[in-house]
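I opened the model to look up helix packing, one hairpin and the salt bridges. My notes follow in the order I took them.

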Amino acid sequence: MKQQTLAMAADQSFENYRKPTRRDEFLKTMEAIVPWSTLCAVIEPFYPKAGNGRPPIGLERMLRIHFVQHWFNLADMACEEALYDSASLRRFVGIDLGREPVPDSTTITKFRKLLNDNKLGEALFAQVGKELQARGFKLNTGTIVDATIIGAPSSTKNTDKTRDPDMHQTRKGQQWYFGMKLHIGVDSQSGMAHSAVVTPANVHDKHPLPDLLHGNERRVYGDSAYASQKKLIASKAPKARDFTNQRSRFKGFIDEAVRAKNRSKSRIRARVEHVFGVVKRLWGFGKVRYRGLQKNATRAFTALALANIYLGRQSLLAQVRS
């Protein structure tokens, strides 16, 4: 058993009136349900090995720090400072300040770049999907497709005096946006994302549509941006029926029958917004943090993987306790 230092004992024993916070409860749940060993196995072939210079920090510890960044929307320096500041975060990561310092922001940045350079965000997303299916979450015969805009800085007040060349502008309604789009395919029953594509914001929602389907669908749901795309749907899922919302207004005339059908479809289609709500509101990914599409794509895929775990937390926790 690892001996406690005075610093760790002070965090755990000397506060008689401490009440568990929502952060404590959240981290306790994630500790129990995240498949740490299988996710570490995805990264391990690319992680530095001991024997070449300074021994590397444990892989699982760095992965935990990386996930803390996503859950609490922390930049590299802010994550280092948060670990020094928060005892609950240190307990989750496994850091005892009586024995060792918190990994510095440079080490955190290098780990993030390792994931980005080897496209391990996509690999983590795929591995989480496999793990969830192994635990009883099945891909059913309905898929909901949708896209959301992730904003990027449009200012040119930077070193290069230019906007990010990987990002583009698009108009939604009467409002212009600059950034990228996150396209996802979500299972219509479980509400979990099974596929995703990241593009510049000016790419129309319909173009990544075949990449968002797994091929065994019987129904495809989507908003009116995917209307009249039966050929694109059939190219990937030939047995699927088109349940996307159709346009109900034409030259000022509203077709009430089509409008009623759209309302009925939207009761199911709305489940896709739960995924976006977790990624953009809970995880704070409403705006890009990095320059370049690939870096933000890695963050998006990792965020979706964590969102799937979060959305299935009750069932996963029940399995752990049983």
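Entry 1. I began with helix 11 (residues 272-282) and helix 12 (residues 293-311), which pack at about 115° with their axes 9 Å apart. The model is a predicted one. I noted the crossing of helix 11 past helix 12 as right-handed. From helix 11, I listed Val275, Val278, Val279 and Leu282 in the contact; from helix 12, I listed Ala303, Leu304, Ala307, Tyr310 and Leu311. I sorted the residues of this contact by class and got nine nonpolar, no polar and no charged.

Entry 2. I turned to helix 3 (residues 36-43) and helix 8 (residues 120-134), whose axes come within 10 Å and cross at roughly 145°. Helix 3 also passes helix 8 in a right-handed crossing. On the helix 3 side I found Thr38, Leu39, Val42 and Ile43, and these meet Leu120, Ala123, Leu124, Gln127, Val128 and Glu131 of helix 8. The class count for the contact of helix 3 with helix 8 is seven nonpolar, two polar and one charged.

Entry 3. I then checked helix 4 (residues 59-71) against helix 5 (residues 76-85). Their axes come within 10 Å, and the crossing angle is roughly 105°. Angles of 65 to 115 degrees count as roughly perpendicular, so I recorded helix 4 and helix 5 as roughly perpendicular to each other. I read off Ile65, Val68 and Gln69 on helix 4, in contact with Asp76, Cys79 and Leu83 on helix 5. By class, I have four nonpolar, one polar and one charged residues in the contact of helix 4 with helix 5.

Entry 4. I looked up the pairing of strand 2 (residues 168-172) with strand 3 (residues 175-187). The two strands run antiparallel and are joined by five bridges. Which residue of strand 3 is the bridge partner of histidine 168? I found glycine 179 there. Strand 2 and strand 3 form a hairpin, with two residues between them. In the turn, I noted a positive phi of about 70° at glycine 173.

Entry 5. I closed with the salt bridges. Side chains of opposite charge can pair when their charged atoms come close. I have eleven salt bridges for the structure. I looked at one of them, in which the side chains of aspartate 24 and arginine 91 meet at 3.9 Å, N to O. Aspartate 24 sits in helix 2 (residues 22-33) and arginine 91 in helix 6 (residues 87-93). The two residues are 67 residues apart, and I logged the pair as a link between distant parts of the chain.

Note on methods. Residues numbered from 1 in each chain as written. Predicted model: local features only at pLDDT ≥ 70, side-chain atom pairs only at ≥ 80, totals over all residues. Heavy atoms only, no water. Axes fitted to C-alpha atoms, helices over the stretch in contact; angles between N-to-C directions. Helix = DSSP H or I, 4+ residues; strand = E, 2+ residues; numbered from the N terminus. Parallel < 35°, antiparallel > 145°, perpendicular 65-115°, else oblique. Contact = heavy atoms within 4.5 Å. Nonpolar A, V, L, I, M, F, W, Y, C, P; charged D, E, K, R; others polar. Left-handed = near helix turned anticlockwise from the far one by under 90°. Pairing = 2+ DSSP bridges. Salt bridge = Lys/Arg side-chain N within 4 Å of Asp/Glu carboxyl O.
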